Amino acid sequence: MGKERVAVVGIGQTKHQATRGDVSMAGLVREAAQRALDDAHMTWTDIDAVVIGKAPDFFEGVMMPELFLADALGATGKPMFRVHTAGSVGGSTAIVASQLIQAGLHERVLTVAFEKQSESEAMWALSLPIPFTPPLHAGAGGYFAPHIRSYIRRSKAPDHIGMLVALKDRQNGIKNPYAHLHEHEISFDSIKESMMLWDPIRYAETCPSSDGACALVLGSEKVADDAMAEGRQPAWIQGTAMRSEPTLSAERDTVLPLGGALCAADVYKQAGITNPRKDVDAVEMYVPFSWFEPMWLENLGFAEPGEGWKMTEQGATALDGDFPVNMSGGVLCTNPIGASGMLRFGEIAMQVRGTAGEHQVDGVRRGVGHAYGGGSQFFAMWVVGKDKP
Amino acid sequence: MPEISLPESLQGVEAVRSVRIPARLDYEFTAGNASSRFLRGIQQKKIIGQRVPGGRVYVPPRGADPERGQATTEEVEVAQVGTVTSFCMVNVAFYGSSMELPYTSALILLDGADLSIMHLIQEIPANEVRIGMRVEAVWRDDEDIEPTLESIKWFRPTGEPDDTNVRIPGEDHGTGLGSWVGGVAPTEALVRNPRTGKGGH
């Protein structure tokens with residue numbers, strides 16, 4: 001297709017926590033970017049272009065923060081632009097960055113995504129009054145809870161599935177030094193007894209609100225070959241895809257959105273995946289509320305519709321299962337919203353490179369990174385592997 | 001990092017870590033023709049939707065088919081009774097919310113409409129709301145009716161038997177892609193958008 005090959009050659013992230021009061025927004029993104037550059041054995045001058053992403057500006061109350069972050073990201077004299085696709089932005093930002101290399105424009109692109117949620121209030125920002133409409137909207141949880149209830153009814157999944165996902169992801173997060181939540185005392189009972197915030201979503205089945213950033217250095221085939229020659233395994237990008245849907249459409253299935261399924265079908269086709277359950281070794285998917293694990297397992301073709309919860313219940317998605325999902329602890333442990341998608345993309349690249357540390361799964365040759373955003377209406381995915389596409 | 005040398009007058013002063021600056025935004029909202037006609041209907045205690053080419057009825061109407069972008073032409077009055085397709089009992093307080101907790105917000109598919117609206121359910125204990133429950137609109141007093149969906153105070157049970165077969169709009173039009181599990185390759189047809197026949201490589 002005449003496309004240049006692209007690989008992830010550097011990955012960095014901040015320590016994520018509720019409030020990173022020790023750094024400004026500029027300090028936060030620079031912390032992640034510097035780590036990605038160090039990982040790639042590069043310096044700021046090696047970078048050709050910068051692509052930054054974050055979720056809505058109301059999440060910090062600062063309009064267009066990319067304006068004052070340009071210098072912190074070493075973009076002086078270089079192309080830089082910002083991507084926004086709601087919660088999927090971390091994924092779509094990485095994809096846009098990869099396309100600059102794929103198109104033959106650049107050799108080395110730095111891409112960064114962040115959120116500093118402590119500086120504003122996301123729930124308020126997501127619940128602004130809609131004119132002429134009752135003020136019922138209660139943040140992302142209030143929006144997604146009815147979709148989850150529909151899933152439970154359709155799939156006849158038992159109540160404990162959501163709690164099992166929360167327990168698994170929180171236990172995985174303990175092994176991830178960068179994760180926001182390290183809940184050593186977590187148990188099935190503590191999750192069960194936690195407060196019902198947006199029935200059927202419990203407090204312990206909900207993502208935290210985090211400050212954090214993630215950065216990736218993407219390189220051309222030559223750059224990645226050079227890294228390989230020096231013994232640093234690149235994560236080759238074998239496919240990327242994005243899809244969108246309208247928020248309000250009578251043809252939309254909010255439980256298993258068509259856009260998500262099409263995004264998956266597209267990215268699998270590019271990567272030569274014909275049997276997703278068998279051909280993919282591990283997945284980092286966007287699960288901000290526990291029940292989205294079984295929902296996305298179905299939407300992305302890893303399970304039959306209505307059967308995804310059985311994979312969770314049988315332990316297939318556990319760190320030691322045959323289809324590990326969210327080895328890093330995922331969004332349920334760390335949610336700097338704008339960065340959450342890029343963390344999925346970066347974490348799966350770490351698995352492929354074999355650099356994930358204590359939450360590394362053995363033998364990951366090919367993995368999927370997934371992010372979604374808005375009202376389950378923006379989807380971004382990539383497939384990365386040890387092998388050059 | 002190098003130490004910054006401060007002028008004498010600032011030495012020993014506590015560092016400023018953050019400041020709190022409340023933001024406020026006032027704006028004009030243009031309803032547009034479709035919403036405007038809908039809101040005029042509400043003023044007369046009528047719920048008026050619009051049919052998009054192909055047959056689906058949108059309430060509130062948006063003036064166009066969200067899937068294909070074609071303008072709607074036909075206005076349709078829908079019923080003031082409907083079925084709960086899903087719901088959420090909200091039990092979390094947050095800045096800016098004026099609702100008393102807990103409250104149950106429901107997606108309600110009005111008879112004759114193809115997309116659910118979100119509204120409040122009252123006159124029933126919050127934990128007795130269920131999918132399939134039939135509900136009806138309860139309006140404010142006539143002198144308080146304004147061009148806003150808030151003129152419907154809430155929905156309450158009609159007492160009719162539940163519609164146990166209720167499906168969420170879109171459920172029949174969803175993925176419908178068949179199974180990939182067991183090794184069916186995502187074909188060109190899958191990658192193409194079946195709604196429009198476009199896309200793919």
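This is a predicted model: local features need pLDDT of at least 70, side-chain atom pairs count only at pLDDT 80 or more; totals for chains, interfaces and linings use all residues.
**Exercise 1.** Determine which elements of chain A touch chain B, and which gives the largest share.

Solution. 
- Start with the contact count: 49 residues of chain A are in contact with 53 residues of chain B.
- Next, assign the chain A side to elements. Two or more residues each come from helix 4 (122-125), helix 5 (139-155), strand 5 (196-199), helix 9 (258-271) and helix 10 (276-279) of chain A.
- Helix 5 of chain A gives the largest share, 8 residues.
- Sorted by class, this side of chain A holds 25 nonpolar, 13 polar and 11 charged residues.

**Exercise 2.** Give the strand order of the open sheet in chain A and explain why one side of each edge strand lacks a neighbour.

Solution. 
- The 9 strands follow the order 3-2-4-7-1-8-11-10-9 in chain A, with mixed pairing.
- Strand 3 (80-83) and strand 9 (282-284) of chain A are at the edges; each has a single partner strand, so one side of each has no neighbour in the sheet.
- From one strand to the next, the twist averages 25 degrees.
- As an example of a pair, 6 bridges join strand 2 (residues 49-54) and strand 4 (residues 108-116) of chain A in parallel; Lys54(A) has Phe114(A) as its bridge partner.

**Exercise 3.** State the angle that helix 14 of chain A makes with strand 10 of chain A.

Solution. 
- Helix 14 (residues 337-353) of chain A lies across several strands, including strand 1 and strand 10 of chain A.
- Helix 14 of chain A runs at about 175 degrees to strand 10 of chain A.

Notes:
Residues are numbered from 1 along each chain as its sequence is written. Chains are lettered from A and ligands numbered from 1 in the order in which they are written. Two residues are in contact if their C-beta atoms, placed from the backbone, lie within 7 Å. Helices (H or I, at least four residues) and strands (E, at least two) are DSSP runs, numbered from the N terminus. Ala, Val, Leu, Ile, Met, Phe, Trp, Tyr, Cys and Pro count as nonpolar, Asp, Glu, Lys and Arg as charged, and the others, Gly among them, as polar. Two strands pair if DSSP finds at least two bridges between them. Axes are lines fitted to C-alpha atoms, for helices over the stretch in contact, and angles run from 0 to 180 degrees between N-to-C directions.
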